[in-house]
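Please keep the sequence and the model open while reading.

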Amino acid sequence: MTTPVCTSASNAATATAPARVPARATARTQTFPYPSFSSYVKARRPVLLRTARSLTANPSDAEDLLQTALTKTYVAWERIEDHRALDGYVRRALVNTRTSQWRKRKVDEFACDELPEPEPVPAGDDQAERQALHDAMWRAIMKLPARQRAMVVLRYYEDLSEARTAEVLGVSVGTVKSAVSRALGKLREDPELGFVRS
């Protein structure tokens with residue numbers, strides 16, 4: 001597209017002769033669908049981000065990947081002759097960058113001759129039974145009065161001595177002994193904990 005120019009008679013000779021423009025610059029302006037790198041990024045970023053997300057599992061990693069590929073594209077912007085092929089260039093940069101990241105990743109697993117076997121669990125140590133006992137014990141403890149519950153938790157779950165438990169609760173050691181004794185008696189009589197006694 002040419003812009004009309006008004007010239008005087010004295011400039012007529014120079015106006016008729018077009019200015020010399022290097023052939024490479026003329027060809028480049030004809031193949032630029034995007035006048036600048038920033039206009040390209042604004043126009044094509046959503047499409048390129050979708051491509052990056054298909055290459056990674058994490059959206060944040062996809063944005064980092066796209067940023068790295070766009071940086072490589074920006075560095076090569078002047079060398080890219082056909083700007084209609086920019087998407088292909090950026091996609092190739094995305095794939096190459098992701099491949100490099102994948103190759104440089106830290107490997108936490110190593111090949112070995114023998115597979116490490118887990119230690120055998122003793123026959124009487126069933127995880128499901130232990131969890132059932134734990135749950136039943138907490139339900140029984142929650143039925144205790146608040147003061148007895150606090151003393152049992154401090155004595156047996158927090159592993160405090162009778163003196164330290166008395167100090168924390170602000171009571172005498174004798175009070176702790178008698179309250180814990182009554183609480184243990186109630187726990188022994190709890191029907192939910194009957195399977196432990198059998």
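A residue counts as buried under 20% relative accessible area, as exposed over 50%, and as partly exposed in between (1.4 Å probe, protein chains only). Tyr 156, with a relative accessible area of 45%, is therefore partly exposed.

The model is predicted: local features need pLDDT of at least 70, side-chain atom pairs count only at pLDDT 80 or more, and totals for chains, interfaces and linings use all residues. Residues are numbered from 1 along each chain as its sequence is written, and side-chain values use heavy atoms, with hydrogens and water left out.

**Overall fold**

The chain has ten helices and zero strands. Helices (H or I, at least four residues) and strands (E, at least two) are DSSP runs, numbered from the N terminus. Of the 198 residues, 23% count as buried. Contact means heavy atoms within 4.5 Å. Among contacts with a separation of 6 or more, 54% join residues 24 or more positions apart.

**Helix pairs**

Two packed helices are described by the angle between their axes and the distance between the axes. Axes are lines fitted to C-alpha atoms, for helices over the stretch in contact, and angles run from 0 to 180 degrees between N-to-C directions.

| Helix pair | Axes come within | Crossing angle |
|---|---|---|
| H4 (residues 59-75) and H5 (residues 86-104) | 9 Å | roughly 125 degrees |
| H6 (residues 127-142) and H7 (residues 146-157) | 9 Å | roughly 145 degrees |
| H8 and H9 (residues 173-189) | 8 Å | roughly 105 degrees |

Angles under 35 degrees count as roughly parallel, over 145 as roughly antiparallel, 65 to 115 as roughly perpendicular and the rest as oblique. H8 is therefore roughly perpendicular to H9. H4 and H5 are oblique to each other.

The crossing of H4 and H5 is right-handed. A crossing is right-handed if the near helix is turned clockwise from the far one by less than a right angle, and left-handed if anticlockwise. On the H4 side, the contact residues are Leu 65, Leu 66, Thr 68, Ala 69, Leu 70, Lys 72 and Thr 73. They meet Leu 86, Tyr 89, Val 90, Ala 93, Leu 94, Thr 97, Arg 98 and Gln 101 in H5. This contact divides into nine nonpolar, four polar and two charged residues. Ala, Val, Leu, Ile, Met, Phe, Trp, Tyr, Cys and Pro count as nonpolar, Asp, Glu, Lys and Arg as charged, and the others, Gly among them, as polar.

In the next pair, H6 contributes Met 137, Trp 138, Ile 141 and Met 142. Their partners in H7 are Arg 149, Val 152, Val 153 and Tyr 157. Here the classes are seven nonpolar, no polar and one charged.

Between H8 and H9, Glu 162, Ala 163, Thr 165 and Ala 166 meet Val 173, Val 176 and Lys 177. That contact has four nonpolar, one polar and two charged residues.

**Nonpolar cores**

A nonpolar core is a set of buried Ala, Val, Leu, Ile, Met, Phe, Trp, Tyr and Cys residues joined through side-chain atoms within 4.5 Å. The largest has 18 residues. Those with the most contacts inside it are Tyr 40, Leu 48, Ala 52, Leu 66, Leu 70, Val 90 and Leu 94. Helix H3 (37-55), H4 and H5 each supply at least two of its residues. H3 gives the largest share, six residues. A second, separate core of nine residues includes Ala 136, Ile 141, Val 153 and Leu 193.

Which residues does Leu 48 contact, leaving aside neighbours within four places in sequence? They are Tyr 40, Leu 66, Leu 70, Asp 87, Val 90, Arg 91 and Leu 94.

**Single residues**

Arg 53 lies in H3. Arg 53 is partly exposed, with a relative accessible area of 43%. Beyond four places in sequence, Arg 53 is in contact with Pro 59, Ala 62 and Glu 63.

Tyr 156 sits in H7. Not counting residues up to four places away, Tyr 156 touches Val 180 and Leu 184.

Thr 165 lies in H8. Thr 165 is buried, at 0% relative accessible area. With residues up to four places away left out, Thr 165 touches Met 151, Leu 154, Arg 155, Leu 160 and Val 176.

Asp 159 falls in the loop between H7 and H8 (162-169). Its relative accessibility is 66%, so Asp 159 counts as exposed. Phi of Asp 159 is near 60 degrees, a positive value in a residue other than glycine. Most residues other than glycine have a negative phi.
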